[in-house]
Amino acid sequence: MARKYPFSMWVYNDISEFTPDEVDLWVECGMTIPMTPAVNPGGDVSLLIPFLNRAEQLGVKMIGNVWGLGYGDLLRMGEEAYEKRLGEVLAVIGGHPALYGLCVGDEPDSAEQMDATKRCIAIQKRMAPHLTPYINYTGSTVAFTKEQRCGYDLGGWMKHVAEETGSKEFCFDVYDQTI
């Protein structure tokens, strides 16, 4: 069996703008772990189930893009409310075989946001160790000051997060390789 490399993409739009048939297009475009459409505030997480079912039929997994699970949400709500929200989401889709993980966020750029990503990852790994939390660090994270990376150089930050959370996968978006 050929190895599937992790190719994904952002789906920012609300789930109401898509049907599960979109998963076919994403897979046709080469995505092996596409992101689900966004479940925004007040949205019904169970609407992701047909998307996850289609992903399972096509042999891929998906990253859940669900309001209330990002690092900004943790900073706004606090850890107790974050855990409650995560528990609600996990009760609905946490056991789906096509769920790869849940999105923690995109491009944190301050020490507070970097620390919040680590806390989100740790909470997600504790409550759902079978899933892979998804964080997208910006490619410019390498140029951050040590203060922005909570006192670590880049390699040290990645090692620190992996040791503190048990998560071993991180994403970076760097667009200059496409120029």
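Arg-126 and Glu-83 join their side chains in a salt bridge at 2.6 Å, N to O. A salt bridge here is a side-chain nitrogen of Lys or Arg within 4 Å of a carboxyl oxygen of Asp or Glu. Arg-126 lies in helix H5 and Glu-83 in helix H4, so this pair ties together parts 43 residues apart in sequence. Helices are DSSP runs (H or I, at least four residues), numbered from the N terminus.

This is a predicted model: local features need pLDDT of at least 70, side-chain atom pairs count only at pLDDT 80 or more, and totals for chains, interfaces and linings use all residues. Residues are numbered from 1 along each chain as its sequence is written, and side-chain values use heavy atoms, with hydrogens and water left out.

The structure holds 9 salt bridges. Among them are these pairs:

| Pair | N to O distance |
|---|---|
| Arg-126 and Glu-83 | 2.6 Å |
| Glu-79 and Arg-119 | 2.8 Å |
| Glu-163 and Lys-159 | 3.9 Å |

Glu-79 and Arg-119 form a salt bridge. This pair links distant parts of the chain: Glu-79 sits in helix H4 (residues 79-93) and Arg-119 in helix H5 (residues 111-127), 40 residues apart. A network of salt bridges links Glu-79, Asp-115, Lys-118 and Arg-119.

Exposure follows relative accessible area: buried is under 20%, exposed over 50%, partly exposed in between (1.4 Å probe, protein chains only). Arg-126 is exposed at 52%. Glu-83 is partly exposed at 26%. Glu-79 is partly exposed at 34%. Arg-119 is partly exposed at 26%.

Glu-163 and Lys-159 are 4 residues apart in helix H6 (residues 154-165), so about one helical turn separates them. Both Glu-163 and Lys-159 are exposed.

Conventions: Helix = DSSP H or I, 4+ residues; strand = E, 2+ residues; numbered from the N terminus.
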